[in-house]
Protein chains: 2
Amino acid sequence: MRLTRYFLPILRENPAEAQITSHRLMLRAGMIRQAQAGIYSWLPLGFKVLSRLEQIVHEEQQRAGHIPLLMPTLQSADLWRESGRYDDYGAEMLRIKDRHQRDMLYGPTNEELITDIFRSSVGSYKDLPLTLYHIQWKFRDEVRPRFGVMRGREFLMKDGYNFDLTVEDAIHAYNRHMVTYIRTYERMGLKAIPMKADTGPIGGDHSHEFLVLAPTGESGVFYDRAITDLTLGDRDIDFTDRGAVSEIVETWTTPYARTDERHDADEFAKIPEDRRIEGRGIEVGQIFFFGTKYSEPMKAVVVNEAGERVPVQMGSHGIGVSRLVGAIIEASHDDKGIIWPEGVTPFGAGIVNLRQGDAATDAACESLYADLTKAGVDPLYDDRDERAGAKFATMDLIGLPWRVTVGPRGLAAGKVELTSRRTGESEELSPEAAVARLREIYANR
Amino acid sequence: MRLTRYFLPILRENPAEAQITSHRLMLRAGMIRQAQAGIYSWLPLGFKVLSRLEQIVHEEQQRAGHIPLLMPTLQSADLWRESGRYDDYGAEMLRIKDRHQRDMLYGPTNEELITDIFRSSVGSYKDLPLTLYHIQWKFRDEVRPRFGVMRGREFLMKDGYNFDLTVEDAIHAYNRHMVTYIRTYERMGLKAIPMKADTGPIGGDHSHEFLVLAPTGESGVFYDRAITDLTLGDRDIDFTDRGAVSEIVETWTTPYARTDERHDADEFAKIPEDRRIEGRGIEVGQIFFFGTKYSEPMKAVVVNEAGERVPVQMGSHGIGVSRLVGAIIEASHDDKGIIWPEGVTPFGAGIVNLRQGDAATDAACESLYADLTKAGVDPLYDDRDERAGAKFATMDLIGLPWRVTVGPRGLAAGKVELTSRRTGESEELSPEAAVARLREIYANR
């Protein structure tokens, strides 16, 4: 993309309404614009990151055999009356009447609707196990929406639901979700730690929430540093192998890691002192096993091998996709702006032309732009007629992980400069070598 | 995907509520399920087609330099009061009050919101031309929703908005949209004809709607057959070249083609008789040029080269993405089921195992499944323990364009059978040759 043809409305001033870093940086970098309290338009740069996160979530869910569908944003109140949650849910549920005065609502979650889909079409244990998920906009009518996309009213969420015959099967589904989530966050460049959690309004028997470590996080967290050394990487996982999946869960849940709500000072004290970390975290996902909480009242039953009708064992599993955009920024920025991890960056690299209008520099930039595009790096070329300082400041603010700087002096020696946004380190190399390096960096993105 | 691990809730009976073919077939093929009147869940097969259509729309818009963003589903009533449309819009607009009794609405279209985004960040003619678009769920509270996704209440639409300095620039944007739409529909396997249209509640100076030819279409259409011979194909188009773009528009709008509302019998009679066609069509998109209708009341102005503040020239351009799923089926089916064009099919080919459980047949199917997956064909393998007749009926109903049938008799001769869903013609060939053929068919998908 050429910047002169893009729509990147950068703000020079710090917006007064933004209380936290990610909100401020997303507004300044032209990623979002508030439409009304807690409701945002995702401008091109923000939408690109959001789409990238969606793609990672889809890939990791499907790798585990989970099946995507799409439920509507508006739901019928009747289903929620059936589960008993319509009256329980309180003022956070946006209640709507259509032109015929029928009660509807903007879905804050989808246990009822997915259970209805399930019960209408599945009747036998032979159709299990089954995990369905979608990524769809939700609404929670917060009293005081704030912190930008971190606590918006209209927000994008992945929610998945498993349907199983036995508790053991459902626990395997729970474990499968934990493993897919670990990898999902890892690919987004995050250190996200699963921690035991309360079940809240979803209900159920057990639950883990995932907390991204960030100094500005909303929750206090206490953990054994050993857990942040774990990585799943690109290893091959057979998601039908219960032992293999539960071993990963075991590994990730054994080191001490708790939010302040569930912190146990005595347990924490048993960890060697140099591994005891007190930090802060942002909740970016949660998984639940709740057995027959919805399947019983809503009569989602299957016939088992013995011919008996039994309610299915269920769980639900959510990732806050729009919230993650904010969380990634909270975890990865400096005083100049955002620092995107390579897995989620909106553009792979920025090209800065130091002398726009100079024939040789323009030609070198054009050729670099074409080569990087062809190499799958998806570059953003700053072809504005601006001074170098302004171009560098823009690149630093929007946080592309790599910058290629092209100027007459370097070109005379056949060189361009490749700079890492994270370390600030630069290297002079030929344009071809820069392309080759970036191609390799993004090869497995 | 293996069918035993998929969620494809096929209906044996014709659903009583479905009055038209696409609605009936989408329900029967397990593509959608009604959540409430005019609101559908997109089950996995339906969601896959819908996503594919979204992808084609994105690709063709971006090819023309149009920039994607994402506006929220809920909008503030204030913006609509500013344009004067809040009171005009009538009962089709779903009006909502939040917990603080603020007036909101579920967006039926986005002229106001995009104009607000534009005016808040663009101030100079130097930032033009600019075309922004999104693909987002909309709501129109139809009195009597019916015909499935063809006239739903919650529906997915692509809507794009151009901002230009002069009328000539805006006409070029209009033309650019017409050309992108022609190719979009073509890639979806449709014959869609642009026809002069009234502007309705969007307003404006001129407009074309696109009608897909289908015998069950809602509108009568009269056209010169010459227009259905035109194809854009994969030709390279320079969207900045006004002449080239307007020449394509000229070619596509010169032959007579009108809906019954605007039909002119005398003009029609001038076409040679063998080219005069009376048919039916389904509206699947519309483009508008409306000048300063929104920019003037909403004060979306830029400073021109002479330093004067002038309101921008605008247009809006929509494609009914969810409606298209129905339209494609109306245009392409037979009495056994859907016939997907290759450009939009949910799976590239079906594999039918004629003797599930037989070691050699199973092994051949598994190897075919792996090879087709690797070749990018994205096969659906019917690995259920069912008789051949049931498997064929399922494949015919869900309409994959190609079926590979694997049975012991064929395998003994080293052959499988490749069958076209459209023609019904079959050919015996080696599994390798079948893979090679399908790889080639989908190479440029």
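Predicted model: local features only at pLDDT ≥ 70, side-chain atom pairs only at ≥ 80, totals over all residues.
Residues are numbered from 1 along each chain as its sequence is written, chains are lettered from A and ligands numbered from 1 in the order in which they are written, and side-chain values use heavy atoms, with hydrogens and water left out.

**View 1. The two domains of chain A.**
Chain A is divided into domain 1 (3–338) and domain 2 (349–441); domain bounds come from an automatic or database domain assignment. Taken over C-alpha atoms, the centres of the two domains of chain A are separated by 37 Å. Contact (heavy atoms within 4.5 Å) involves 15 residues of domain 1 of chain A and 13 residues of domain 2 of chain A. The two domains of chain A bury about 1200 Å² between them, and 58% of this area lies on carbon and sulfur atoms. Buried area is the accessible area (1.4 Å probe) that two parts lose on being put together, summed over both. On the side of domain 1 of chain A, the residues that lose the most area to domain 2 of chain A are A:Leu3, A:Lys336 and A:Ile338, together 43% of what that side buries.

A:Asp334 and A:Arg421 form a salt bridge, with 2.8 Å between the closest N and O atoms. Across this interface of domain 1 and domain 2 of chain A, 9 residue pairs are in polar contact (both at pLDDT 80 or more). A polar contact is a pair of N or O atoms within 3.5 Å; within protein, one must be able to donate a hydrogen and the other to accept it, and residues adjacent in sequence count only if both atoms are side-chain atoms. At least two residues of the side of domain 1 of chain A that touches domain 2 of chain A come from each of helix 1 (21–28), helix 2 (44–63) and strand 18 (337–338) of chain A. Helices (H or I, at least four residues) and strands (E, at least two) are DSSP runs, numbered from the N terminus.

**View 2. The axis that relates chain A and chain B.**
Chain A is superposed on chain B by a rotation of 180 degrees with 0.0 Å of shift along its axis (RMSD 0.0 Å). The two copies are thus related as by a two-fold rotation axis. In chain A, A:Ile96 has the C-alpha nearest the axis, 3.0 Å from it. Copies are superposed by least squares on the C-alpha atoms of residues with pLDDT of at least 70 in both.

**View 3. The interface of chain A and chain B.**
Chain A and chain B each give 55 residues to the contact. The area buried between chain A and chain B is about 4500 Å², with 63% given by carbon and sulfur atoms. In chain A, the residues that lose the most area to chain B are A:Phe7, A:Leu70 and A:Arg99, together 15% of what that side buries. The interface of chain A and chain B holds 4 salt bridges and 20 residue pairs in polar contact (both at pLDDT 80 or more). One salt bridge joins B:Arg153 to A:Asp98, whose closest N and O atoms are 2.9 Å apart.

**View 4. Local backbone features in the loops.**
Most residues other than glycine have a negative phi, and most peptide bonds are trans. The peptide bond from A:Leu128 to A:Pro129 is cis, with omega near -5 degrees, and A:Pro129 is placed in the loop between helix 5 (111–121) and strand 7 (130–139) of chain A. In chain B, a cis peptide bond joins B:Leu128 and B:Pro129, with omega about 0 degrees. B:Gln101, a residue other than glycine, has a positive phi near 65 degrees and is found in the loop between strand 5 (94–97) and strand 6 (103–106) of chain B.

Key: Salt bridge = Lys/Arg side-chain N within 4 Å of Asp/Glu carboxyl O.
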